[in-house]
Amino acid sequence: MQPRNMSMSGVVDLAAVKAAGEAKAKAEQARAESARKAAQGGAPASAGALPPSALVFDTDETQFESHVVPLSGEVPVILDFRADGFEQGRELSLLLERLTVEANGRLALAALDVAASQNLIREFRIQALPAVFALVAGQAMPLFQDFAPEDEVRAVLAQLVQVAEERFGVIGVAVDPAAEGAAGAGAGPESDEEPAGPYDALLDAAVEALDADDLDGAVRAYQDVLAADPGNSDAKLGLAQAELFARVKGMDPQAVRTAAAENPRDPAAQIAAADLDLAGGHVADAFGRLVDTVRVTFGDDRDAVRVRLLQMFEAVGPDNPLVTSARTALARVLF
């Protein structure tokens, strides 16, 4: 497979990873085993299988090693680096999503937000968008650095599937196209009722702790929920807010704002002032201050400001339009 106008240090020569004949034999053996089980009356391939759209998902750096890399040993994973507000890349992303679903288990697509993936941005040496890579058996290769017509994208993805099968023995995962959309179907007249969540008691305890100004207690309660359910959106939002209030609780507002005014390039001073802005409800001011600070800082200082801005996004909530605007502004200054 030939990359398009892109190079990445450390890309592994696919032919050197595994002998083509051995990998192809592995793939053929896996298919033969599946057919044998079916012939003996085993469960059909689609039993319990996910719909193809389940292989299109958002991810981040914390899940990359634990989920995306292992998944690439079962199915080729397309890595689509995206930025909110980058409308020029949206068409390519939508095309990749559609073609992944059409592949019926032979491809997966992982979308990564560039603002929250700076370690991967550096590792993959991405300098502009769009940036699309593939991951096969843990090995990365570039796919697209520019826009391409659908027929060209289809051809590249077909090559990717072929390389994955013949050189790595990665044949994809079982999916059930008939299950598409079934997950959201109601089971009866009461299906609209949302069942009580398993962490409601802890979430209620966290809110009560916040009301009592017990910020440490609220933080612990939210952390307990996230330890068991890392994707719990209520706990993420609550924890970010509790941590914000804990940071500003002992601040001297006048001293903080004076330090920020006198040291416009000092990341610590600007972060502290932004915390005060956000806690006081001045969301746009907080975001703007840190985006401006990212623009004039570098290295570890820039990364510290970026991380705090991402924490603020969590405290406000991803659906807030000010978060969307700030993400776009952040992506622009980062590139």
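Is strand β5 largely enclosed by the rest of the structure or exposed, and why? In this predicted model, five of its six residues are buried, so β5 (residues 139-144) is largely enclosed by the rest of the structure.

**View 1. Strands β4 and β5 form a hairpin.** The two strands run antiparallel. Five bridges join β4 (residues 131-136) to β5. Two residues lie between the strands. In the turn, A137 has a positive phi of about 50°.

**View 2. Helix α6 spans residues 150-168.** The helix has 19 residues. From first C-alpha to last, α6 reaches 26 Å, close to the 27 Å expected at 1.5 Å a residue. Buried residues in α6 include V153, V156, L157, L160, V161 and V163. A164, E165 and F168 are also buried. An α-helix has 3.6 residues a turn, so residues three or four places apart point the same way. Just after α6, G169 takes a positive phi of about 70°.

**View 3. The largest pocket has a volume of about 1700 Å³.** Its lining holds 48 residues. Closest to the pocket centre are D60, D113, A116, E314 and R327. Several elements give two or more residues each to the lining. The strands are β1 (56-59), β2 (77-82) and β3 (108-113). The helices are α3 (61-71), α4 (87-102), α9 (233-248), α13 (299-316) and α14 (321-334). By class, the lining has 20 nonpolar, 12 polar and 16 charged residues.

Methods: Residues are numbered from 1 along each chain as its sequence is written. This is a predicted model: local features need pLDDT of at least 70, side-chain atom pairs count only at pLDDT 80 or more; totals for chains, interfaces and linings use all residues. Side-chain values use heavy atoms; hydrogens and water are left out. Buried means under 20% relative accessible area, exposed over 50%, partly exposed in between (1.4 Å probe, protein chains only). Helices (H or I, at least four residues) and strands (E, at least two) are DSSP runs, numbered from the N terminus. Two strands pair if DSSP finds at least two bridges between them. On a 1 Å grid over the protein atoms alone, a cavity is a set of points where a 1.4 Å probe fits but cannot get out, and a pocket is an open set with protein on both sides within 12 Å along at least five of seven lines; lining residues have an atom within 4 Å of a point. Grid points are joined across faces, edges and corners, and a volume is the space filled by probe spheres set on the points. Ala, Val, Leu, Ile, Met, Phe, Trp, Tyr, Cys and Pro count as nonpolar, Asp, Glu, Lys and Arg as charged, and the others, Gly among them, as polar. The expected span of a helix is 1.5 Å times one less than its number of residues.
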